[in-house]
Amino acid sequence: MLYRFCAAFFSPFNSGYFIFICTMEDVFLQTDLKRINKDLWDLLNKAVGSFRAPFHQAFIATINGILPEVRTVVLRRVLTEEKQLFFHTDIRSPKVAQIREQPEISCLFYDLELRIQLRCYGLSSVHQQDSLAEWGWEHSRLSSRLCYTNQEPPGSIVEKPELIDLNRKQVSDDELENARQHFSVICFRVYRMDWLYLHHTGHRRAEFDYRSNHFRWKQV
Ligand SMILES: Cc1cc2nc3c(=O)[nH]c(=O)nc-3n(C[C@H](O)[C@H](O)[C@H](O)COP(=O)(O)O)c2cc1C
């Protein structure tokens, strides 16, 4: 896939440009952790706009009472400098209450093709009807907005499954306004990321600590 290749353009010595093409695999085989960190965040950034990208889906883990609970969410936005990842959810969903109770969560990404696992640890917050939620809503498609039109909260019992409308396309302004009230954004500020790269020449693992800006190699 094209996005899995990067090209470096070097300045001319005296006869034109030299174009060097390397694969993402080559990038992650280097030992420069700053560069690897940058490329990992580039991958996350690119995954926002590509539903086929493996990092488009994240698995976020919260604490439900004393039990861990994990679920898939879509990666909606990335702020690289701030080390923030954003997800959308229904404000009434159980994960919101869990995050409010215990904002320290973890989030996992896995790229099957590159064989890269990212484990992110950080602090999360839930945003409803503020500028972050506004931004998320404005950048959402109608099909995504429809998910928030349900009158009943996520997880509530459905007595008549035959009434579930799978082909709903028309929605009134009132319903959309109602949906907007249910819409929320989870902001996850990553303070540590654990990178694992499985490779036939030897697996690699490193930890990126964004609080201390300390990056170090770890035993697999
Ligand atoms: C591919 C995929 C993408 C999903 N994306 C989201 C999402 O972006 N936001 C969300 O709240 N739930 C999403 N879900 C549903 C959640 O995994 C989960 O079932 C639901 O949010 C209820 O979670 P909770 O009971 O832990 O709050 C997705 C599920 C799948 C399979």
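**Figure 1. Asn 213 lies in the loop between strand S10 (204–209) and strand S11 (214–217).** The model shown here and in the other views is predicted. Asn 213 is not a glycine, yet its phi is positive, at about 60 degrees. The residue counts as exposed, because 8 C-beta neighbours fall inside 10 Å, and a residue is exposed at 12 or fewer.

**Figure 2. Lys 83 is a residue other than glycine with a positive phi, near 55 degrees.** Its place is the loop that runs between strand S5 (77–79) and S6. Lys 83 has 19 C-beta neighbours inside 10 Å and therefore counts as partly exposed; a buried residue would need 20 or more.

**Figure 3. The largest nonpolar core holds 30 residues, of which Leu 75 and Trp 195 touch the most other members.** Two or more residues of this core come from each of helix H2 (33–48), strand S3 (57–64), strand S6 (84–90), strand S7 (104–111), strand S8 (116–127) and strand S9 (183–197). S9 provides the largest share, eight residues. In soluble globular proteins, nonpolar side chains tend to be buried together. Across the protein, buried residues make up 20% of the 220 residues.

**Figure 4. Leu 75 and the residues it touches beyond four places in sequence.** The contacts of Leu 75 include Leu 44, Ala 47 and Val 48. For the protein, residues 24 or more positions apart account for 58% of the contacts with a separation of 6 or more.

**Figure 5. S7 and S8 form an antiparallel pair with eight bridges.** Within this pair, Leu 108 stands opposite Arg 119 of S8. The hairpin of S7 and S8 has four residues between the strands, and Arg 115 in this hairpin adopts a positive phi near 60 degrees. The secondary structure of the protein comprises six helices and eleven strands.

**Figure 6. S8 and S9 run antiparallel and are joined by twelve bridges.** Ser 125 has Cys 187, in S9, as its bridge partner.

**Figure 7. Ala 61 lies in strand S3.** The C-alpha atoms of Ala 61 and Cys 107 are 6.0 Å apart, although 46 residues separate the two in sequence. Neighbours within four places in sequence aside, Ala 61 is in contact with Pro 68, Glu 69 and Val 70, and also with Ile 105 and Ser 106. Ala 61 is partly exposed, because 17 other C-beta atoms lie within 10 Å.

**Figure 8. The shell around the ligand consists of 14 residues.** Arg 71, Val 74, Thr 89, Ser 93 and Lys 95 come nearest to the ligand. At least two residues of the shell are supplied by each of strand S4 (67–74), S6 and helix H3 (94–101). S4 contributes the most, with five residues. Sorted by class, the shell has five nonpolar, six polar and three charged residues.

Note on methods. Residues are numbered from 1 along each chain as its sequence is written. This is a predicted model: local features need pLDDT of at least 70, side-chain atom pairs count only at pLDDT 80 or more; totals for chains, interfaces and linings use all residues. A nonpolar core is a set of buried Ala, Val, Leu, Ile, Met, Phe, Trp, Tyr and Cys residues joined through C-beta atoms within 7 Å. Two residues are in contact if their C-beta atoms, placed from the backbone, lie within 7 Å. Two strands pair if DSSP finds at least two bridges between them. A residue is near a molecule or strand if its C-beta atom, placed from the backbone, lies within 6 Å of it. Ala, Val, Leu, Ile, Met, Phe, Trp, Tyr, Cys and Pro count as nonpolar, Asp, Glu, Lys and Arg as charged, and the others, Gly among them, as polar.
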